[in-house]
Amino acid sequence: MENATGYRRSAGSARGEARRRELLATITDDVAENGLVDFSLRRAARSAGTTHKVLLYHFDGVEDLLRQVVFSLRERRIGNALAAVAAEPSTLTDRVRAAWVSLRDEESELRRVLDQAMGLAMYDPGRYAALGRGASQQYLPTLLSFCPADWPEQRKHEVASMILATLRGFLVDLLTSDDGSGAEAGFEALLRAVAREEAAG
């Protein structure tokens, strides 16, 4: 089997899948540390100690590799948030606060890379749309799980979507402002809105 570049692709054996995961983990660590600005197959190959031809055996080109790297980094972000939430009481307000603290205080490199991914999706949607398109679908299930179990599904979706969009805006504010005070003030207003939703039952 060949990919779009004409290189032979992995047939998906257990050994091949294990090697693909190993390569992806190493390249993801490199991107987390060094960002996306000059990302290429050759840079990825250097970080993994292999060749770009080997990468093309396991991934369907540079866009596919980049998409999987960004997905993996978002999984790290979600895992960090869930770990923070697990230590909190079970109210939606407490869960949202714990998730925000995790996002606000996460390693700057992780935040920078994920912001760069969204920037690429906006700068060249023809090439990088997948970097942005999958973000909401990846984050939303976690926020849905924060909502009270007895809420109707539509209400869960509405509230989770509001929280997601607002938190993403606050992260941009943290990146672009001098002290992040606007994001913190806005977050307190978000918490009050979430508390009102909870009180409404």
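Predicted model: local features only at pLDDT ≥ 70, side-chain atom pairs only at ≥ 80, totals over all residues.

Colleague: Okay. How many helices and strands does the secondary structure of the chain come to?
Modeller: The count is 9 helices and 0 strands. Read from the N terminus on, the elements go α-α-α-α-α-α-α-α-α.

Colleague: And what box do the C-alpha atoms fill?
Modeller: Taken along the principal axes, the box is roughly 60 × 40 × 30 Å.

Colleague: What share of the residues counts as buried?
Modeller: Of the 201 residues of the chain, 42% do. The accessible surface comes to about 10700 Å², and 53% of that belongs to carbon and sulfur atoms.

Colleague: Let's talk core. Which residues in the largest nonpolar core touch the most other members?
Modeller: Those are I27, L55, L65 and W100, out of 56 residues in that core. Helix 4, residues 62-86, gives the largest share of this core, with 9 residues.

Colleague: Tell me about W100, then. What is W100 in contact with, leaving aside its neighbours within four places in sequence?
Modeller: W100 contacts L167, F170, L171, L174, A183, E184 and F187.

Colleague: Is L167 buried or exposed?
Modeller: L167 counts as buried, because its relative accessibility is 6% and the cut-off for buried is under 20%. L167 is found in helix 8. Apart from neighbours within four places in sequence, L167 is in contact with W100, L103, F187 and L190.

Colleague: And where does L167 sit relative to P152?
Modeller: L167 and P152 are 15 residues apart in sequence, and their C-alpha atoms are 23 Å apart in space.

Colleague: Back to helix 8. How do helix 8 and helix 9 cross?
Modeller: Helix 8 covers residues 153-176 and helix 9 covers residues 181-199; their axes come within 9 Å and cross at roughly 170°. Helix 8 and helix 9 are therefore roughly antiparallel to each other, since angles over 145 degrees count that way.

Colleague: Which residues make the contact?
Modeller: On the helix 8 side you have R155, V159, M162, I163, T166, L167, F170, D173 and L174. Helix 9 brings in G182, A183, G186, F187, L190, V194 and E197. By class, the contact of helix 8 with helix 9 divides into 10 nonpolar, 3 polar and 3 charged residues.

Colleague: What about R155, is that buried or exposed?
Modeller: R155 is buried, with a relative accessible area of 17%. R155 lies in helix 8.

Colleague: Now R74: buried or exposed?
Modeller: R74 is buried, with a relative accessible area of 4%, and R74 lies in helix 4. Setting aside neighbours within four places in sequence, R74 is in contact with L114, M118, L131, G132, G134, A135, Q138 and Y139. R74 and R111 are 37 residues apart in sequence and 9.6 Å apart in space, C-alpha to C-alpha.

Colleague: Last one. What about M122, buried or exposed?
Modeller: M122 is exposed, with a relative accessible area of 67%. M122 lies in helix 6, residues 108-123. From C-alpha to C-alpha, M122 and P148 are 34 Å apart in space, and they are 26 residues apart in sequence.

Notes
Residues numbered from 1 in each chain as written. Heavy atoms only, no water. Axes fitted to C-alpha atoms, helices over the stretch in contact; angles between N-to-C directions. Helix = DSSP H or I, 4+ residues; strand = E, 2+ residues; numbered from the N terminus. Parallel < 35°, antiparallel > 145°, perpendicular 65-115°, else oblique. Contact = heavy atoms within 4.5 Å. Nonpolar A, V, L, I, M, F, W, Y, C, P; charged D, E, K, R; others polar. Buried < 20%, exposed > 50% of the residue type's maximum accessible area, 1.4 Å probe, protein only. Core = buried A, V, L, I, M, F, W, Y, C linked by side-chain atoms within 4.5 Å. Areas by Shrake-Rupley, 256 points an atom, 1.4 Å probe, with all protein chains shown as cover.
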